[in-house]
Amino acid sequence: MQKLSKGDIHTPFFSSNIKLFNTLERGNNTVVFSSLKEFYHPVKSEGFAIKYVVEGLERYTLNGREYFIDAGKYLLSNLTHEGHVEIQSNKSVQGICINILPEILAEVAASRQRPDTAYSDVELGRFFCSTLFLEHQKEANQTQLGRFLLELAVHSWGRNLDEGNFNIEFFYACSEKIIADQIPIFKQLQSIPTVKATTKKELYRRISKGKEFIDAYFLSPLTVGTVAKAACMSEYHFFRIFKSVFNLSPNQYLIQKRLEYGLSILQQDKNSVSIAAIEAGFSDIHAFSKAFKMHFGYSPSAVMKPK
C-alpha cells in the first residue's frame with residue numbers, strides 16, 4: 001500500500017489511480033484516507049469513530065449488526081462496538097475514517113450547559129463512550145457532521161489541504177458537529193422509560209423504524225396499528241414510546257408530514273387549496289384548512305396571496 005510522505009503533503013489525499021491507506025495522527029486522534037478494492041479488517045474503536053464513504057461501498061458488521069455504507073453515508077460507533085469491515089469492489093472504494101479520543105468529546109460536551117442549570121451536562125459527555133450510544137448510519141447531507149464530511153471530501157480530492165489542516169482544532173470542530181447532531185438522540189434515548197441500555201437502544205431502533213415508515217408512506221392510508229406492525233411492536237407500546245421520544249403521537253406526526261407536503265404544493269404555482277388537500281391525503285378542504293391553520297397559524301389561502 002502506498003503512503004503519502006511529508007514531501008507529498010500538497011498531493012490530493014485521494015486518487016483513483018493508486019492504492020492508498022494514509023493515516024494522519026494528532027495526539028492519538030487520527031484521520032485515515034483509504035482507496036482500496038479489497039480489504040478485510042477487524043474493527044475495534046479506541047475511542048469514537050466516524051466511517052465515511054466518499055465513493056463505492058463498505059460493509060461493516062458491528063456487534064452482530066450489518067451496515068452497508070455507500071457513497072455519501074457515514075457510520076458512527078464507539079469503543080463498545082466491535083466487528084469487522086469488508087471491501088470487495090472492481091473499482092477503488094474511497095473512504096475517510098476519523099477516530100476521536102473520548103476525552104476530546106467529553107471536553108467539548110462540557111461546554112454545553114443543561115437548559116435548567118448553569119452547569120455542564122456531565123451525562124452528555126459520558127454518553128459518547130457508553131453502551132447507551134447507538135451505532136447508526138446517516139446520509140451526509142442531512143446532518144451537521146455530514147456536511148462537515150462532505151466539505152472535507154471535496155477538499156481531499158484537490159490541493160487545498162495538507163497535514164497542517166489536521167491539528168487539534170480539526171478534531172474540536174468535528175466534535176462540535178457530532179455533539180450538535182447527537183443531543184436530540186441523547187434526549188430521546190433518555191426519555192424511554194426503561195433502565196437497561198440495550199433495551200433503550202432496541203426500542204429506539206424500532207420507534208425510529210416506525211417513524212421512517214411514516215416518512216415513506218405518509219400519503220397512504222395509515223393506522224397506528226399498521227405502523228406499529230412495521231416497527232415490530234404492539235400498537236399501544238408503539239404509541240406510548242413514540243410519544244415519549246418525539247413529543248408527538250404517531251397520528252400527530254402523520255398529520256404534520258401531510259401538512260408540510262400540502263404547504264409545498266401550495267407554494268407551487270397554479271395549485272389550489274382543493275388540490276393541495278387531496279394530494280396531501282385529507283378527506284376534504286375543510287379538514288385540511290382547519291388542520292393547516294392550527295399547525296402553521298395561518299390559512300392555506302394566505303400562502304397563495306401574491307406578494
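1. Contact here means heavy atoms within 4.5 Å. By that rule, and not counting residues up to four places away in sequence, Pro42 touches Gly83 and His84. The C-alpha atoms of Pro42 and Val85 are separated by 6.4 Å, although the two are 43 residues apart along the chain. Pro42 belongs to strand β2 (residues 29-44); helices (H or I, at least four residues) and strands (E, at least two) are DSSP runs, numbered from the N terminus. Pro42 is exposed, with a relative accessible area of 56%. Buried means under 20% relative accessible area, exposed over 50%, and partly exposed in between (1.4 Å probe, protein chains only).

2. A word on the source. This is a predicted model: local features need pLDDT of at least 70, side-chain atom pairs count only at pLDDT 80 or more, and totals for chains, interfaces and linings use all residues. Residues are numbered from 1 along each chain as its sequence is written, and side-chain values use heavy atoms, with hydrogens and water left out.

3. Next, the core. A nonpolar core is a set of buried Ala, Val, Leu, Ile, Met, Phe, Trp, Tyr and Cys residues joined through side-chain atoms within 4.5 Å. The largest one has 57 residues; Ile50, Ile96, Ile98, Ile100, Phe128, Leu145 and Ile178 touch the most other members. Helix α4 (residues 168-191) gives the largest share of this core, nine residues. Leaving aside neighbours within four places in sequence, Ile178 is in contact with Phe48, Ile50, Ile100, Leu105, Phe128 and Leu145.

4. Helix α4 also holds Gln188. Gln188 is buried, at a relative accessible area of 16%. Not counting residues up to four places away in sequence, Gln188 touches Tyr204, Val245 and Phe246. The charged end of Lys211 sits over the ring of Phe246, 5.5 Å from its centre. The rule: NZ of Lys or CZ of Arg within 6 Å of the ring centre and within 35 degrees of the ring normal.

5. Now the aromatic pairs. Rings of Phe, Tyr and Trp (its six-membered ring) pair if their centres lie within 6.5 Å; planes under 30 degrees apart count as stacked, over 60 as edge-to-face and the rest as tilted. The count comes to 21 aromatic pairs. Phe218 and Tyr261 are edge-to-face, 5.8 Å centre to centre, with 70° between the planes. Phe218 lies in the loop between α5 (197-217) and α6 (224-230) and Tyr261 in helix α8 (residues 250-266), so the pair ties together parts 43 residues apart in sequence. Phe218 is buried at 13%; Tyr261 is partly exposed at 30%.
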